[in-house]
Every structure is written in C-alpha cells, then in structure tokens.
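Have the structure open as you read.

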Amino acid sequence: MVNGKRRLTRNDGRGMDERLGLAGLAAGQASDVGPSHLPQKVSPGWVDVLATVPLFAGLSRRHLTKIAGLASSKRYAAGSTLVKSGVPGESVFVILDGRAIVRAGARRIPLGAGDFFGEMSLLDGEPRSATVAAQTEVLVMMIPRRKFLKLLEKEPRIAIAVMSTLSRRVRALQ
C-alpha cells in the first residue's frame with residue numbers, strides 16, 4: 001500500500017492503482033472485476049456496497065442480497081458515454097470507482113463513487129432524461145430493469161423503500 005492506494009491486478013494482466021473504498025469493497029479483489037469490455041457478475045461484497053446507496057436505504061440485508069444477485073459490473077474508459085439522453089433505459093447504475101458527469105440540457109452534475117443514476121428509467125422504462133459520460137475510468141454496478149421489476153413483484157417492501165427515496169429526491173428539487 002502506497003499513499004492510501006494498493007496495487008491491484010485485473011484479469012487481463014494489466015496492473016492498476018485503485019483507491020480503497022467502494023470499488024475495493026465491491027470487488028473484494030480486482031480479479032473479480034474482469035475485462036473492462038464485458039459485464040461481470042458481482043462478488044459477495046456487493047451487499048455492503050448496496051447498503052451505502054441511498055436508493056436502497058432502509059432495506060434489510062436479505063433484500064440487499066437479492067438485489068445484489070441481479071447485478072453485474074462494467075468498466076468504462078475515460079471519455080466514454082455510459083448512458084445517452086433519449087435512449088430507453090434498461091439499468092440503474094451505481095458508481096463504484098471513478099468520476100462521471102451528468103449532462104441534462106445546460107446543467108452539469110458531477111458524480112463519483114457511491115452515486116447512482118438511471119433510477120427513473122429503471123422503474124418507468126422511458127427514455128433517459130440525461131447523458132452520463134465518464135470523466136475518468138469508471139467502474140459501475142448495473143442492475144437490469146426486467147430482473148429488478150420481477151423482484152419488486154415478489155418483494156413489495158423493496159418497492160416501498162425505493163418509492164420513498166425517489167419521493168424525497170423529487171421534494172428536494174422543489
């Protein structure tokens with residue numbers, strides 16, 4: 001460990017420095033993350049990551065485990081587009097490592113580890129209302145819409161918790 005960083009090796013054999021935090025917690029080991037171009041299934045540490053996400057605040061460990069079981073991870077290169085405005089949304093994203101920027105009209109909103117986006121499209125299936133681009137290399141957790149909606153049918157307490165969080169976010173905008 002040097003200056004609060006540790007040297008990790010990805011499955012593709014390349015080394016990378018990664019800050020200790022959500023990414024390290026989520027991956028357990030960097031080898032769990034895998035090649036950057038393909039989604040990867042998550043490790044057991046993802047339940048702990050989800051517990052820190054406001055969208056899932058108040059959910060039991062059992063519910064978080066079910067959500068984590070739906071998720072996969074993906075790495076995006078700096079400068080790449082994660083989601084594009086106007087395109088139908090199929091996943092909610094949690095940023096585990098790196099920085100991104102939300103572009104919604106003239107507004108620019110920075111995102112970092114622990115931030116999430118795509119929650120509106122996750123629930124309503126409507127086109128994305130903003131574009132999100134990677135400012136640095138970004139590691140995200142993705143939860144697909146279809147699987148999440150099936151889980152909500154089986155676990156209505158998850159739906160109530162998510163609605164409560166979304167309601168608070170709408171009130172904050174007023």
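This is a predicted model: local features need pLDDT of at least 70, side-chain atom pairs count only at pLDDT 80 or more; totals for chains, interfaces and linings use all residues.

Side chains of opposite charge can pair when their charged atoms come close. Here, the side chain of arginine 62 meets that of glutamate 155 in a salt bridge, with 3.0 Å from N to O. Arginine 62 lies in helix H3 and glutamate 155 in the loop between H5 and H6, so this pair ties together parts that are 93 residues apart in sequence.

Is glutamate 155 buried or exposed? Its relative accessibility is 11%, so glutamate 155 counts as buried; the cut-off for buried is under 20%. Lysine 66 belongs to the story too: salt bridges that share partners join Arg62, Lys66 and Glu155 into one network. Between the C-alpha atoms of glutamate 155 and lysine 66 there are 9.5 Å in space, although the two are 89 residues apart in sequence.

How many salt bridges are there? The count comes to 4. One of them joins aspartate 48 to arginine 61, where the closest N and O atoms are 2.9 Å apart. Since aspartate 48 lies in helix H2 (residues 46-51) and arginine 61 in helix H3 (residues 61-68), the pair ties together parts that are 13 residues apart in sequence. Another salt bridge links glutamate 137 with arginine 75, with 3.2 Å between the closest N and O atoms. Glutamate 137 sits in the loop between S10 and strand S11, while arginine 75 is in strand S4, 62 residues away. Glutamate 137 is partly exposed, with a relative accessible area of 36%, whereas arginine 75 counts as buried because its relative accessibility is 6%.

Now turn to strand S10, which covers residues 131-134. Both of its faces are covered: Thr131 and Ala133 on one side are buried, and so are Val132 and Ala134 on the other. Strand S5 pairs with S10 in the antiparallel sense over 2 bridges, and valine 83 stands opposite valine 132. Strand S7 also pairs with S10 in the antiparallel sense, over 4 bridges. There, alanine 100 has alanine 134 as its bridge partner.

Finally, let's visit the surface. Arg146, Lys147, Lys150 and Lys154 form a positive patch there. Lysine 154 lies in helix H5 (residues 145-154) and counts as exposed because its relative accessibility is 68%.

Conventions. Residues are numbered from 1 along each chain as its sequence is written. Side-chain values use heavy atoms; hydrogens and water are left out. Patches are made of residues with over 30% relative accessible area and no salt bridge: like charges are joined within 9 Å, nonpolar side chains (Val, Leu, Ile, Met, Phe, Trp, Tyr) within 5 Å. Accessible areas come from the Shrake-Rupley method with a 1.4 Å probe; for residues, only the protein chains shown count as cover. Lys and Arg count as positive and Asp and Glu as negative; His and the chain ends are not counted. The place of a charge is taken as NZ of Lys, CZ of Arg, CG of Asp or CD of Glu. Buried means under 20% relative accessible area, exposed over 50%, partly exposed in between (1.4 Å probe, protein chains only). Two strands pair if DSSP finds at least two bridges between them.
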